[in-house]
Amino acid sequence: MQTPPRITVEVPVLTIGSGPADYEVLGSQVDALRRQRGLHLTLLHIGVLADFARDIADWTRGITTAEEAAGTAVSWLEGLPVLGGFSARSERLVLLGGGRVSGLEVEVPQHVRDYQISLVKALHELLDELLVDNVDDFILGSRALGFRYPRWTPHVAVGRPKSRDRGPWDIAPVAIEFGASRIRNRQFLPAIDAGAGPRDQDPGPPRTGDGQ
């Protein structure tokens, strides 16, 4: 059975260093080095849409149904503003996912951090609109969202750790170019009425941006 796709807001990696060799050298420090094509930096994790909607329905005890939550979430995602491409750098490898994944820790410009903070704020506003009370508790408790750490660490997952050491490991500084923000697995979002929302709740003015 195919696993439902997870929805995230991310920026794709365009280039690492001056050529493929600058990335492939990481193979000496990382097992199962991932292909450079497809690497990305996650800005906000939503998870499987159906699970996210079900979490909201359960939390609100059905005041907001899963169908209403999914429809409003899709409209919200499609309306998020776009972050333009940017340059960053990395100087070390870190462990992620409880030590199961190696990633490049990325030093991003301040405006990228500000954008990520704005996404979290927008998520709070979405949940308020969906009649979720105690939003912070919901975010930490939602299995779909999977928030485990209060502080966002920009990173690009690149493979499995070669060593059982906890790291981090210094590497030769490498420049990374990122493309514009986009919704990962956007093609799997259902075609739901973008105006759908919780009963007896004014959804407010539409958001702008194409979410690409």
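**Figure 1. Salt bridge between E10 and R182 in the predicted model.** The side chains of E10 and R182 form a salt bridge with an N to O distance of 2.9 Å; a salt bridge is a side-chain nitrogen of Lys or Arg within 4 Å of a carboxyl oxygen of Asp or Glu. The pair joins distant parts of the chain, since E10 belongs to strand β1 (residues 7-16) and R182 to strand β8 (residues 182-184), 172 residues apart. Helices (H or I, at least four residues) and strands (E, at least two) are DSSP runs, numbered from the N terminus. E10 is buried at a relative accessible area of 0%, whereas R182 is partly exposed at 31%. Buried means under 20% relative accessible area, exposed over 50%, and partly exposed in between (1.4 Å probe, protein chains only). Residues are numbered from 1 along each chain as its sequence is written.

**Figure 2. The salt-bridge network of E10, R182 and R184**. A salt bridge also connects the side chains of R184 and E10, at 3.2 Å from N to O. R184 lies in strand β8 and E10 in strand β1, so this pair ties together parts that are 174 residues apart in sequence. R184 is partly exposed, with 29% relative accessibility. By the stated rule, the count comes to eight salt bridges.

**Figure 3. Salt bridge between R54 and D51 within helix α2**. The side chains of R54 and D51 meet at 2.9 Å, N to O. Both residues lie in helix α2 (residues 49-59), three residues apart, which is about one turn of the helix. Both ends of the pair are partly exposed: R54 has a relative accessibility of 43%, and D51 has a relative accessible area of 32%. Side chains of opposite charge can pair when their charged atoms come close.

Figure 4. T8 counts as buried at 5% relative accessibility. Leaving aside neighbours within four places in sequence, T8 is in contact (heavy atoms within 4.5 Å) with T42, L44, H45, I46, R182, I183 and R184.

**Figure 5. Helix α4 and its buried face**. Helix α4 (residues 110-129) has 20 residues, which at 1.5 Å a residue should span 28 Å; its end C-alpha atoms are 29 Å apart, in agreement. The expected span of a helix is 1.5 Å times one less than its number of residues. The buried residues of α4 are V112, Y115, Q116, L119, A122, L123, L126, L127 and E129. Seen down the axis of α4, these buried residues fall within an arc of 150 degrees, so they line one face of the helix; the arc is that of the directions from the helix axis to the C-beta atoms. The face turned away from the buried side carries the exposed residues Q110, I117 and K121. The cover over the buried residues of α4 includes β1, β3 (40-47), α2, α3 (66-78), β4 (86-96) and α5 (135-141). After α4 comes L131, with a positive phi near 70 degrees.

**Figure 6. Helix α3 and the elements that cover it**. The 13 residues of α3 should span 18 Å at 1.5 Å a residue, which agrees with the 18 Å between its end C-alpha atoms. Its buried residues are E68, A69, A70, G71, T72, A73, V74, W76 and L77. Among the elements that cover the buried residues of α3 are β1, β3, α2, α4 and β8.

**Figure 7. The chain and its confidence.** The secondary structure comes to five helices and eight strands, and from the N terminus the elements run β-α-β-β-α-α-β-β-α-α-β-β-β. Of the 212 residues, 41% count as buried. The chain averages a pLDDT of 89, and 89% of the residues score at least 70; pLDDT is the predictor's confidence in each residue, from 0 to 100. Over residues 194-212 the pLDDT is below 50, and this stretch has 48 contacts in the model beyond near neighbours in sequence.

Technical notes. This is a predicted model: local features need pLDDT of at least 70, side-chain atom pairs count only at pLDDT 80 or more; totals for chains, interfaces and linings use all residues. Side-chain values use heavy atoms; hydrogens and water are left out.
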